[in-house]
Amino acid sequence: MFHMRCCAHILNLVVCDGLKEISHAISCIRNAVRYPRSSTARLKRFKESCKEANIESRALLCLDVSTRWNSTFLMLEAALKFKKAFEILDGDANYTKYFEEERVNGKRIDGPPIHHDWEKAQVFVKFLRTFYKVTTRISGSLYVTSNLFFKEICIVQGNLKELGKDPSTLLGAMAVSMQQKFDKYWGNLERMNVLLYIATILDPRCKMEAIKYGFGFLYDDETSAKLLKHIEDVLYKLYNFYKEMITPPTHSSDPSQKSGPSAASSQPSLDDSDDFFSTYFTQKLDQDNAMESNELDDYLNDRREKFSDDSFDILVWWRINGNRYKIVSQMAKDVLAIQVSTVASESAFSTGGRILDPFRSSLSPKMVQALICGKNWLSSKKEPLALRQYMDDVEAFEDSENATKEDESCLTIDS
């Protein structure tokens, strides 16, 4: 239960299996993109071909990282915008000579891309756009992602099942290959973290209905019922665990204390019969209500929020309804904190490597820190940038640094 595979990495493995089906076309386009980026003269010639093709796009060509399919998607998407420019370059002797003479490990490079390669790339980009959006959504760091997992998995599986119906086509062959890798990691519930399903249930827009519909879409009726029973068992076990942890233990009174004169004297007299029966009914009704009360059942049976509401904030909802579902809200607090992808954290730790490139290797640690913080503030969308406040903080920090240096210099002179 405590082991969480990075969903973005698994999706990367799934898509990379599909890339093998058009690896030659991708290699041809990659080498074509590398041509104008290899020298200033070639870039100038490429811009001239763009003018000849009347291409006014401000997008730039970008090379991919072969082990990261999302970068390959972005490279192909950008290259397709300049398809006519590359076709004009086919008549350039230097362009064709580049593919004839360039060698990698002693072998001639693939290319130039022909019309069939561009067609494959266009189909592939359209197909991969769904996977790119899924990867982007589950890799977020400024919002909850664990409740999105099940929905995104259903989207991926739906695309693979639909395209895999005809393996004779290009996309069909890719879908079959990707489905095999998908089943390896996500085809068996025992290999997945059950908390990801519970996170979906703890989304007020989904609850148990989303799991039922999703399992019915992904599996047959028998498998769906079996998996649903397993999820329900884990959900209620988790609820009982939190209930025991949060609810204080009730100490039952000692039966021996009820006997004897003291107990007899505590019995109400006939004059107090109204109060006695009122207390009796109150205790019994409250006791029955306590026995029947179950926060989890109340939450599951309550009205679901609109699933189509894009402005819905699950954290705000649980903050408002925390007093209503005290135990379930504690479950949500812990389960929804799970991140389904490590991409955001890995990216954060590799930021310094992207800033300190060979052209800026002499930057001081203080300047690198300022650049990283500045980029983080500018990239934030949820909170407005309080520039005046930040400038005041920087001035206060510099004043404290100067005061510290003056104190050190005074101590040096005194000594």
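A salt bridge is a side-chain nitrogen of Lys or Arg within 4 Å of a carboxyl oxygen of Asp or Glu. Keep that cut-off at hand for these exercises on a predicted model.

**Exercise 1. Work out how Arg-205 and Asp-203 pair, and describe the setting of Arg-205.**

Solution. 
- Start with the place: Arg-205 sits in the loop that joins α10 (195–201) to α11 (207–218).
- Next, the pairing: the N to O distance between the side chains of Arg-205 and Asp-203 is 2.9 Å, and they form a salt bridge.
- Arg-205 has a relative accessible area of 13%, and the cut-off for buried is under 20%, so Arg-205 is buried. Asp-203 is buried as well.
- Finally, look at the surroundings: leaving aside residues up to four places away in sequence, Arg-205 touches Asn-147, Arg-304, Glu-305, Lys-306, Phe-307, Asp-309 and Phe-312.

**Exercise 2. Trace the network of salt bridges that includes Asp-92.**

Solution. 
- Name the members: Arg-45, Glu-48, Glu-52 and Asp-92.
- Take one link, Arg-45 with Glu-48, where the closest N and O atoms are 3.9 Å apart. Both residues belong to helix α3 (residues 40–52), and because they are three residues apart, about one helical turn separates them.
- Recall the helix geometry: with 3.6 residues a turn, residues three or four places apart in an α-helix point the same way.
- Now turn to Asp-92, in the loop between α5 (83–89) and α6 (93–101). Asp-92 is 47 residues from Arg-45 in sequence, yet their C-alpha atoms are 9.3 Å apart.
- The side chain of Asp-92 also reaches the backbone nitrogen of Asn-94, at 2.8 Å.

**Exercise 3. Describe helix α9 (residues 170–186): its span, its N-terminal cap and its cover.**

Solution. 
- Span: the 17 residues of α9 reach 24 Å from first C-alpha to last, close to the 24 Å expected at 1.5 Å a residue.
- Cap: Thr-169 caps the N-terminal end of α9, with a side-chain oxygen 3.0 Å from the backbone nitrogen of Gly-172.
- Burial: the buried residues of α9 include Leu-171, Met-174, Met-178, Phe-182 and Trp-186.
- Cover: among the elements over these buried residues are α1 (7–19), α7 (115–138) and α8 (149–163).

**Exercise 4. Which residues form a nonpolar patch on the surface?**

Solution. 
- The patch consists of Phe-241, Met-245 and Ile-246, whose accessible area together is about 310 Å².
- To place one of them, Phe-241 is part of helix α12 (residues 221–246).

How values were computed. Residues are numbered from 1 along each chain as its sequence is written. This is a predicted model: local features need pLDDT of at least 70, side-chain atom pairs count only at pLDDT 80 or more; totals for chains, interfaces and linings use all residues. Side-chain values use heavy atoms; hydrogens and water are left out. Helices (H or I, at least four residues) and strands (E, at least two) are DSSP runs, numbered from the N terminus. Buried means under 20% relative accessible area, exposed over 50%, partly exposed in between (1.4 Å probe, protein chains only). Contact means heavy atoms within 4.5 Å. Patches are made of residues with over 30% relative accessible area and no salt bridge: like charges are joined within 9 Å, nonpolar side chains (Val, Leu, Ile, Met, Phe, Trp, Tyr) within 5 Å. Accessible areas come from the Shrake-Rupley method with a 1.4 Å probe; for residues, only the protein chains shown count as cover. A polar contact is a pair of N or O atoms within 3.5 Å; within protein, one must be able to donate a hydrogen and the other to accept it, and residues adjacent in sequence count only if both atoms are side-chain atoms. The expected span of a helix is 1.5 Å times one less than its number of residues.
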